[in-house]
Amino acid sequence: MINGERPPFSTVEVLYRSENFLVVNKPYDVVLNWDDPSRTDTLQHLLQERFPDLVDQSLKHCFRFVHRLDYSTSGPVCIALNKKAAGHAGKAFCQKQVIKQYLALVRGHITKDQLSIDKAIGEQGTPDTPAPMCVEGTPGCQHPRDAVTQLTMVERGLYEGQPATKVCLCPVTGRRHQLRVHCQSIGHPIVGDYTYSCRQDTTPYRMMLHAQKLLIPLKGEVIDIETDDPFTTTFDPHWQIAER
């Protein structure tokens with residue numbers, strides 16, 4: 001992915017494979033699956049083409065996706081290859097044993113090295129609002145639920161000449177669009193997040209959010225994945241680290 005060019009589907013990286021699990025590195029701007037079987041621009045379709053022997057015709061979407069990533073987010077996606085493995089992985093998620101870490105570029109310079117963002121997130125009930133989720137206290141926010149994100153500042157710099165900060169984000173809870181909503185709520189929306197920038201941030205080639213680490217500690221099998229940082233000058237020359 002040099003200079004903003006996404007690799008073709010055929011080059012999507014397999015990060016881990018065993019008799020129970022498959023983990024692949026989902027590209028950005030790719031949806032996991034659609035109810036419409038004619039859609040071929042999905043991770044499900046890619047997996048069907050590359051691993052026809054793993055397709056389970058008894059499932060609506062052919063594969064047991066253990067968790068999800070937003071359309072715009074890149075990073076590891078874990079697929080259970082049998083019902084028993086899916087149950088074990090699902091239990092680990094429910095019991096909050098899974099560790100996920102994300103890298104993001106956000107607008108502006110964050111001054112603190114660490115932040116704990118503890119803001120409940122709910123659905124936006126106001127008609128014609130571009131963002132579907134919001135923090136509690138936002139006009140129109142409905143049914144807010146507790147949400148916590150730990151943020152660590154990695155480095156400050158410029159993106160396309162504008163102040164930006166690379167951060168590590170660790171979600172303690174798992175609300176829809178949690179990281180995007182929390183970053184926007186502290187005045188530092190994710191670079192390229194069209195939805196949570198009031199449809200203003202349209203210049204970047206992608207939303208700068210990547211799931212870098214995934215740890216699923218299962219009895220007898222530990223899935224421990226760490227992917228490369230896509231937000232470097234080598235991959236994207238629009239990002240420049242500030243001089244120290």
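Biologist: What pLDDT does the protein average?

Modeller: This is a predicted model, and the protein averages a pLDDT of 93. Of the residues, 95% score at least 70. Over residues 1-5, though, the pLDDT is below 50. That stretch still has 15 contacts in the model beyond near neighbours in sequence. Where pLDDT is low, the predicted coordinates should not be read in detail.

Biologist: Now the core. Which residues touch the most other members of the largest nonpolar core?

Modeller: The general idea comes before the case. In soluble globular proteins, nonpolar side chains tend to be buried together. Here the largest nonpolar core has 40 residues. Those that touch the most other members are Leu43, Leu47, Phe63, Phe65, Leu169, Ile190 and Leu209.

Biologist: Which elements give two or more residues to this core?

Modeller: Among them are helix H1 (43-50), helix H3 (178-185) and several strands, including S2 (21-26), S4 (75-80), S10 (148-159) and S12 (209-218). Strand S5 gives the most, with five residues.

Biologist: Take one residue. What does Leu43 touch?

Modeller: Leave out residues up to four places away in sequence. Leu43 then touches Val24, Lys26, Val30, Val31, Leu32, Phe65 and Val77. Another core lies apart from the largest one. This other core has 14 residues, among them Cys78, Ala80, Ala85 and Ala89.

Biologist: Which residues line the largest cavity?

Modeller: The lining is His67, Pro76, Lys100, Tyr102, Ala211, Lys213 and Leu214. S5 and S12 are the elements that give two or more residues to this lining. S12 gives the most, with three residues. By type, the lining divides into four nonpolar, one polar and two charged residues.

Biologist: Last, helix H3. Why is H3 largely enclosed by the rest of the structure?

Modeller: Count the buried residues. Buried means under 20% relative accessible area. Six of the eight residues of H3 are buried, so this helix is largely enclosed by the rest of the structure. The buried ones are Gln178, Leu179, Arg180, Val181, His182 and Cys183.

Biologist: And which residue with a positive phi follows H3?

Modeller: Gly187 follows H3, and its phi is positive, near 85 degrees.

Technical notes. Residues numbered from 1 in each chain as written. Predicted model: local features only at pLDDT ≥ 70, side-chain atom pairs only at ≥ 80, totals over all residues. Heavy atoms only, no water. Core = buried A, V, L, I, M, F, W, Y, C linked by side-chain atoms within 4.5 Å. Buried < 20%, exposed > 50% of the residue type's maximum accessible area, 1.4 Å probe, protein only. Helix = DSSP H or I, 4+ residues; strand = E, 2+ residues; numbered from the N terminus. Contact = heavy atoms within 4.5 Å. 1 Å grid on protein atoms, 1.4 Å probe; cavity = no way out; pocket = protein on both sides within 12 Å on 5 of 7 lines; lining within 4 Å. Nonpolar A, V, L, I, M, F, W, Y, C, P; charged D, E, K, R; others polar. pLDDT = per-residue confidence, 0-100.
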